[in-house]
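This report covers strand pairing and backbone phi values. The sequence and structure are shown first.

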Amino acid sequence: MTQAQAKQQTADYVGQALADLPQPVTTASERENGTNCFKNDAPSEYDGRVVEVTEKRLSGIPADRQAEYVEHLRTRIESMGFQRDDSGALRTSFHFTNPTNEFTGSIDGIGSSYGTLVIGFSSPCVWPSGTKPPQ
C-alpha cells in the first residue's frame, strides 16, 4: 500500500463512519496529514515509512444526545471490521483496530460538555511508494 492509498483509506473510513449520522452535527477537519514512523531498534530514528491520519471534529451535538451519537459511531466502526480495544480505564474515548489491515480508529471527547466529538482513523506504517527502497 502506498502513502496515497493509505491516506485515501483513512478518509474513506471517516466517510463510512459518518454516513447516516444523526443530525444536527457540523463536521470540520481536525487533522489530515502523515507522520513519520520510527525504527523498532532505534525509536528516535525515522525509518522512511509514514502513518496517514484523518480526523474530523463533530460539533453541535446536543449534550442529551451524545450517547446516541457515540453508539451510532461505535456500531458503524465495528460494522466496518474494526474491533474495540477495551484496554484502559478512561471512557472519554474508544479505540478500535481492524485486524485485517492494521488500521486503527478512535472516538474521542466522550462525556465532553462542549458538544464535540473527534473521530479519526490512522493507517499502519507504510512506505511512501508502497515498497521499501533499496539500501
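This is a predicted model: local features need pLDDT of at least 70, side-chain atom pairs count only at pLDDT 80 or more; totals for chains, interfaces and linings use all residues.

Which residue in β6 is the bridge partner of Thr 104? The partner is Ser 122.

Strand β4 covers residues 93–97 and strand β5 covers residues 104–108. The two are antiparallel and are linked by five bridges. Within this pairing, Phe 94 faces Ile 107 of β5.

On to the next pairing: β5 also pairs with β6, a strand spanning residues 116–122. This pairing is again described by five bridges, and the strands run antiparallel. Ile 107 takes part here as well, standing opposite Ile 119 in β6.

Strand β2, residues 46–59, is joined to β6 by seven bridges. Their directions are antiparallel. One of the facing pairs is Leu 58 with Leu 117, the latter in β6.

How many of the seven residues of β6 are buried? Six are, so the strand is largely enclosed by the rest of the structure. The cut-off for a buried residue is a relative accessible area under 20%.

## Residues with positive phi

Most residues other than glycine have a negative phi. Glu 102 has a positive value, with phi near 65°. Glu 102 sits in the loop that links β4 to β5. The hairpin formed by these strands has six residues between them. Is Glu 102 buried or exposed? Its relative accessibility is 56%, and because the cut-off for exposed is over 50%, Glu 102 counts as exposed.

Asp 20 is another residue other than glycine with a positive phi, here near 60°. Asp 20 belongs to the loop between α1, residues 3–18, and β1, residues 26–38. The relative accessible area of Asp 20 is 67%, so this residue is exposed.

Technical notes. Residues are numbered from 1 along each chain as its sequence is written. Side-chain values use heavy atoms; hydrogens and water are left out. Two strands pair if DSSP finds at least two bridges between them. Helices (H or I, at least four residues) and strands (E, at least two) are DSSP runs, numbered from the N terminus. Buried means under 20% relative accessible area, exposed over 50%, partly exposed in between (1.4 Å probe, protein chains only).
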